[in-house]
Amino acid sequence: MKRALLVVVAATLAACTLEPRYERPAAPVAAEFREAQALGAPAQGTGLVAADIGWHEFFPQPELQRLIERALENNRDLRVAALNVDEAQARYRIRRADQFPPLDAVASGSAQRIPAVLSQTGESYVARQYQIGVGTAFELDLFGRVRSLKNAALEAYLAQDETRAAVQIALVAEVASAWLALVADEDLLRLTRETLDSQQSSLDLVQMRVSAGVAREIDLHQAEIAVRTAEVNIARYARQIEQDRNALELLVGEPLPQDLGSAGRDLDAEVFAGELPAGLPADMLERRPDIRAAEHQLRAANADIGAARAAFFPSITLTGVAGRAHSDLGDLFDDGQRAWSFMPQIRVPIFAGGANRASLDVAEVRKRIEVAQYEHAIQTAFREVSDGLVAQSTFDDQLRAQAALADSAERAYRLADLRYRGGVDNYLTTLIAQRDTYTAQLALVSARLARADNLVQLYKALGGGWKAD
């Protein structure tokens with residue numbers, strides 16, 4: 001009966017904690033995205049969200065997939081994030097070990113000369129003592145201080161693990177965005193070179209007409225300006241391509257193949273071609289690792305309050321040693337030399353100059369800070385998704401209009417060129433039409449890049465990118 005009572009008491013004390021009861025703060029955002037239907041989002045309750053689409057499926061091009069795989073293997077930022085997880089896990093194991101009594105091997109020896117005035121025999125002598133055994137010093141966690149510190153370390157570890165997942169998602173998106181920029185700049189360079197060839201042909205034609213006396217010299221200078229402008233743009237886009245490669249190399253963490261990328265790729269084919277399911281804010285809270293990390297940090301702050309509260313209550317420490325002791329080292333292991341000591345200690349806080357109260361205030365303020373940061377993480381995520389949905393719902397219309405504009409500009413240029421060659425119109429009209437065509441084509445490539453990159457960022461904002469397959 002006594003043993004059962006002791007077990008019940010021990011279990012009660014082990015479960016004791018002064019941590020406040022945790023309640024997840026209400027999400028300070030709307031219940032659903034008003035733009036969600038623009039992407040054909042599933043109805044509430046289907047459970048389909050962006051994270052159900054793995055990045056292998058979202059980025060179908062094998063070359064981009066290989067880059068992402070190498071980045072996940074070699075990127076230094078991701079490696080640091082993983083090492084931070086290992087460090088947090090080790091710190092948690094340290095706190096968890098505090099719940100169990102340590103056991104140490106103890107060996108000690110002492111020698112002390114006792115003067116005659118202090119000796120009971122009236123003669124001075126040297127007192128020696130040798131001791132060997134095992135010992136422990138253990139705090140009884142009556143009010144949950146050690147348990148709260150362990151819980152805080154566990155939540156910090158889980159937060160770091162979620163942070164690592166967030167870094168991985170961001171890395172996948174950054175590699176994809178850098179790749180899309182490279183593809184777009186190669187396309188821009190190809191267009192510029194084609195434009196240069198066309199403008200060089202126009203310049204040759206103008207030179208012949210000027211030599212024949214049927215064209216003005218100003219037409220020749222205008223044609224030269226167009227050629228030189230194209231040459232400047234070629235140099236600029238060539239530079240941007242090399243910088244795109246450098247950005248990719250930094251993200252991937254190793255040198256890139258020299259033949260990486262090629263002009264003429266379809267930007268739209270580089271990313272997921274179907275409708276991206278948007279889900280609902282509740283799904284987003286469960287899927288986005290940065291929001292989960294913020295909540296773990298909030299839980300850690302909540303546990304710290306329990307540890308700070310426990311400092312106001314008595315603490316009991318049990319210290320004990322068992323082994324052998326003798327005044328002569330050579331006789332230490334003889335029979336009958338067993339010795340032990342047991343020293344329980346209770347400490348009751350009386351006056352600490354306000355330190356305990358200040359520690360509790362710090363813990364409570366930190367929790368309020370973590371609540372604000374958690375809510376801010378939700379609001380930031382909600383805005384990122386809303387912005388992405390708004391952009392995605394309008395990009396298709398923009399691309400159709402921009403493509404029509406480019407076609408119209410191309411037809412106008414061909415007509416103006418024919419009229420100039422036939423002597424019906426002056427060269428300025430042809431030059432303007434040629435410039436408008438080039439500008440419209442560049443804008444079309446930029447719009448396609450913006451649409452593809454927005455889809456990548458929206459996928460990231462919805463919590464996608466972490467699923468391997």
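## A ring tucked away

Phe59 has a relative accessibility of 1%, so Phe59 counts as buried. Here, buried means under 20% relative accessible area, exposed means over 50%, and partly exposed lies in between, using a 1.4 Å probe and protein chains only. Phe58, at 0% relative accessibility, is buried too.

This is a predicted model, where local features need pLDDT of at least 70 and side-chain atom pairs count only at pLDDT 80 or more, while totals for chains, interfaces and linings use all residues. Residues are numbered from 1 along each chain as its sequence is written, and side-chain values use heavy atoms, with hydrogens and water left out.

## Rings that meet

Rings of Phe, Tyr and Trp (its six-membered ring) count as a pair if their centres lie within 6.5 Å; planes under 30 degrees apart are called stacked, over 60 edge-to-face, and the rest tilted. By this rule the count comes to five aromatic pairs. In one of them, the ring centres of Phe58 and Phe59 are 4.9 Å apart and the planes stand at 85°, so this pair is edge-to-face.

Phe58 also pairs with Tyr459: their centres are 4.0 Å apart and their planes lie at 10°, so these rings are stacked. This pair connects distant parts of the chain, since Phe58 belongs to helix α2 (residues 55-58) and Tyr459 to helix α10 (residues 427-461), 401 residues apart. Tyr459 is buried as well, at 2% relative accessibility. Together, Phe58, Phe59, Phe272 and Tyr459 form one aromatic cluster.

## Two helices side by side

Now look at helix α5 (residues 145-211) and helix α8 (residues 289-310), which pack at an angle of about 165° with their axes 8 Å apart. Axes are lines fitted to C-alpha atoms, for helices over the stretch in contact, and angles run from 0 to 180 degrees between N-to-C directions. That makes α5 roughly antiparallel to α8 (under 35 degrees is roughly parallel, over 145 roughly antiparallel, 65 to 115 roughly perpendicular, and the rest oblique).

Which kinds of residue make up the contact of α5 with α8? They divide into 14 nonpolar, six polar and seven charged. Ala, Val, Leu, Ile, Met, Phe, Trp, Tyr, Cys and Pro count as nonpolar, Asp, Glu, Lys and Arg as charged, and the others, Gly among them, as polar.

## The whole chain

The chain has 10 helices and four strands. Helices (H or I, at least four residues) and strands (E, at least two) are DSSP runs, numbered from the N terminus. Buried residues make up 39% of the 469 residues in the chain.
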